[in-house]
Amino acid sequence: MNLRLFSLTLGGLVSSLAIVAPIAHANRLETFVYDLTDSKIEFSLKNDIEPKGSVISNPTRIVIDLPGIVYQGPTVRRRVGRGVQAVRVGQVDANTTRMVVEFSPDVTINPQQLKLKSRQPGKWSMQLPQNIAAIDLNSISNFTLPISGAVISSGFGWRVHPVTGERKLHKGVDFAAPTGTPIFAAADGVVTDAGWTDGGYGNIVELRHEDGSVTLYAHTNRVYVSKGQVVNKGQAIAEVGTTGRSTGPHLHFEVQPDGKTAVDPMDYLQMRQVTLDLASNSFKD
């Protein structure tokens, strides 16, 4: 393997990180993964390039520029959790895409402790200090992940609706998964709605929980429960589908703490691994 140096800067100070980076061409950022168990971030590209990066403080951010990657579309920001708060992707110039990893205001990072590695073409990883992952792993959450092994294809927040073309608040998180993938209750609760609904959500399940909060599961293919039924955390309540206004099979998941107003579900989910599809449809082939 060819071993080269990746310069990571902070406040004018430069430290060198050893990386293995075979030369190739790339034009698409495929996924971003944050593994809390190993306190590691990973991202994959269509092929491979040599990234350039820096660490910025107040607040702490890791900035990684990906030369040769062409991104078409507005800057995309995906919420992750409490330690690693978000990932932002946008175009710096005609030939460079920038990925910014945002951290909690309480996090400080020594660039000399970071190593960006590529073990195979297109696959990159960076080990983070364990205390960053501990922020999320030690947090208390009443909700569990409603689906296993899925990719977050769209986060909470304002966006251009993929079907209507209107700018609209996306009230939940979309987990892309094959049709038929089981959907689980995020917490113990009572089914307050189940089946077809107008308004674009297709087949849904709505659960009300003991503290008065509500979780909503939309675009389902099949519903396994009925209105008034009591369900347990982790119980299969439906399966992934693409009913209603949907461009493909996925679970649209909402959290309403007061039973009315939707908030970012990422603030309530305790996840061991976060996998994001960073708007790959907006990238050139």
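The structure is a predicted model, in which local features need pLDDT of at least 70, side-chain atom pairs count only at pLDDT 80 or more, and totals for chains, interfaces and linings use all residues. Residues are numbered from 1 along each chain as its sequence is written, and side-chain values use heavy atoms, with hydrogens and water left out.

The protein contains 23 strands and one helix (DSSP runs numbered from the N terminus: E of at least two residues for strands, H or I of at least four for helices). Of its 285 residues, 49% are buried, where buried means under 20% relative accessible area, exposed over 50%, and partly exposed in between, with a 1.4 Å probe and protein chains only.

Six salt bridges are found in the structure, each being a side-chain nitrogen of Lys or Arg within 4 Å of a carboxyl oxygen of Asp or Glu. In one of them, Glu102 pairs with Arg77 at 2.8 Å, N to O. Glu102 belongs to strand β9 (residues 96–103) and Arg77 to strand β7 (residues 76–79), so this pair ties together parts 25 residues apart in sequence. Glu102 is buried at 10% relative accessibility, while Arg77 is partly exposed at 44%.

Glu102 also meets Arg88 in a salt bridge (2.2 Å, N to O). Arg88 sits in strand β8 (residues 84–93), 14 residues from Glu102. Through shared partners, Arg77, Arg88 and Glu102 form one network of salt bridges.

A further salt bridge joins Asp264 and Arg79, with the closest N and O atoms 3.7 Å apart. These two residues are 185 residues apart, Asp264 lying in the loop between β22 (250–256) and β23 (273–277) and Arg79 in strand β7.
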